[in-house]
Amino acid sequence: MTFEHQGLLFHREERLHEVVGPWLRSAVSGGAHTVLVVGGHRSEALTAALTGAERSRVHVTERSRVFSAPGRTLALLHRLALSHAPGPVAVVAEPPLAEAPALERREWHRLESVLDTALSSLPVRMLCVHEAAGLPSGARAAVRATHPVLAAPGGSRSNPGYLGRAAFGALPDAPEPLPVTGPVHVREIGGPLPVLRRELTGLGRALSWPEERVDNLVTGVNELAANVLEHGAGKGTVTLWRGPGRWVCDVFDEEGGLDDPLAGYCPGDGVRSRGYGLWIARQTCDFMEICGGRTGSLVRLHLLDRLSGPAIARPRRCFRQSG
């Protein structure tokens, strides 16, 4: 068994039950480790329709634990499959498209577009369910473009409108514009990485960040800076700045050799020089954008305020401050 990715765009709750109920029963009867990740009221209603024996074999999981960030979601699916190998895994999930702002929603669409590539060799069946009424028309079109199989009552069918990676694979010249709402801290890439890590740690603590966020920033930027030094121009910049509802960290490589906006959605395989570091970086932030051209590549890390308050403290002197 290899990865199977199905989608359901439903307009009525009855349609959701008509599809998901039999899907869960089939997964359980087939011996799959079965996971249900939908809104709380929906999980209760869906499991209530199962027998007691079936309910005991369906693992209900909070959406916030699975859909905290696209990179972490993908890593979790990898771990889930590997921890239950060689047995199959079945997941019914409700990605957070309706609640997400446009920029974040696009990154969730990117994740779904790459799942068939990223999980291709794993014994996982995944059904993504989306309520049509809660989505703008563009998001509904994206759902149709990112699932090779469409689920329906009585069975499923191949999706002729499936685009996969091509749906969100274009490399933008620049990231989405965001206003700067606080100081900007800049550091050159070019010296020893241990020095950069110490300076980032000092800056994060000076900004009164929780240690978890400091560690995530240091880990993610270290991987990206190592790529600049080892596979890029050998020089660039790290720019940390305050945006609306988030901190943003831009890592710029003057060479511009990074040309895949979906890089980092597959773990490194020992062949692709940048795969593993970007895979790690995606898991350290809430969202990651890749953009650029011949004049340079930019990787932007978004760290949303759910982990950190908006207070801004004075940075350590090791960073140059502008703005």
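How many salt bridges does the structure hold?

1. The structure holds 19 salt bridges, a salt bridge being a side-chain nitrogen of Lys or Arg within 4 Å of a carboxyl oxygen of Asp or Glu. Side chains of opposite charge can pair when their charged atoms come close.

2. Some ground rules come before the details. This is a predicted model, in which local features need pLDDT of at least 70, side-chain atom pairs count only at pLDDT 80 or more, and totals for chains, interfaces and linings use all residues. Residues are numbered from 1 along each chain as its sequence is written, and side-chain values use heavy atoms, with hydrogens and water left out.

3. Take glutamate 18 and arginine 15. Their side chains form a salt bridge with an N to O distance of 3.3 Å. Both belong to helix α1 (residues 13–29) and are 3 residues apart, which means that about one helical turn separates them. Helices (H or I, at least four residues) and strands (E, at least two) are DSSP runs, numbered from the N terminus. Glutamate 18 is partly exposed at 39% relative accessibility, and arginine 15 is partly exposed at 32%. Here buried means under 20% relative accessible area, exposed means over 50%, and partly exposed lies in between (1.4 Å probe, protein chains only).

4. Arginine 72 and aspartate 286 form another salt bridge, with their closest N and O atoms 3.0 Å apart. This pair links distant parts of the chain, 214 residues apart: arginine 72 is in helix α5 (residues 70–83), and aspartate 286 is in the loop between α10 (275–284) and β11 (287–293). Arginine 72 is partly exposed, with a relative accessible area of 24%, whereas aspartate 286 is buried, at 3%.

5. Glutamate 254 and lysine 235 also meet through their side chains in a salt bridge, at 3.7 Å from N to O. Glutamate 254 lies in the loop between β10 (246–253) and α10, and lysine 235 in the loop between α9 (211–231) and β9 (236–243), so the pair ties together parts that are 19 residues apart in sequence. Glutamate 254 is partly exposed at 37% relative accessibility, and lysine 235 is partly exposed at 46%.

6. Which residues are linked in a network of salt bridges? They are Arg106, Glu107, Arg110, Glu176 and Glu289.

7. A last point concerns a residue in a strand. Threonine 239 lies in strand β9 and counts as buried, at 17% relative accessibility. Leaving aside neighbours within four places in sequence, threonine 239 is in contact (heavy atoms within 4.5 Å) with Val184, His185, Val186, Val248, Cys249 and Asp250.
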